[in-house]
Amino acid sequence: MSFALQGTMSVSVEDVATVITTVRQSAGLSKRKLAIAAGIEPSEVTRYENGDRVPTLARLRLIFKACGYELVVQAERVAPWFDPCGCNRIGCPECDALS
Ligand SMILES: [Zn+2]
């Protein structure tokens, strides 16, 4: 399973939380069982799934492995980002309209 993020440089806290819940539920694991398998505190799993905390990539990899998945991070080189409206922000609607 891979989560490819296209056209963006980051994933929001809520998105990571949803991914963890989805992967855990698809494995049929309770939060507690996932925590034991991944060697982390059950409260930590709850924090991740509530979006209160974002796991490191290494920790996320462990969580995926405990659920029977390999985490694949995919980055595709696309046309370099430029800043047509001068706002210096990726994802600005004005820049997108000018691109
Ligand atoms: Zn802009």
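**Exercises on a predicted model**

Valine 73 is placed in strand β2, residues 72-74. The model is predicted: local features need pLDDT of at least 70, side-chain atom pairs count only at pLDDT 80 or more, and totals for chains, interfaces and linings use all residues. Residues are numbered from 1 along each chain as its sequence is written. Helices (H or I, at least four residues) and strands (E, at least two) are DSSP runs, numbered from the N terminus.

**Exercise 1.** Determine whether valine 73 is buried or exposed.

*Solution.* A residue is buried if 20 or more other C-beta atoms, placed from the backbone, lie within 10 Å of its own, exposed if 12 or fewer, and partly exposed in between. Valine 73 has 11 such atoms within 10 Å, so this residue is exposed.

**Exercise 2.** Identify the buried residues of helix α2 and state how they are arranged about its axis.

*Solution.* In α2 (residues 31-38), the buried residues are Leu34, Ala35 and Ala38. Seen down the helix axis, they fall within an arc of 100 degrees (taken from the directions from the axis to the C-beta atoms), so they line one face of α2. Just after this helix, glycine 39 has a positive phi of about 75 degrees.

**Exercise 3.** Characterise asparagine 88 by its location, phi and exposure.

*Solution.* Asparagine 88 lies in the loop between β2 and α5 (93-98). Most residues other than glycine have a negative phi. Asparagine 88, although not a glycine, has a positive phi of about 65 degrees. With 8 other C-beta atoms within 10 Å, asparagine 88 is exposed.
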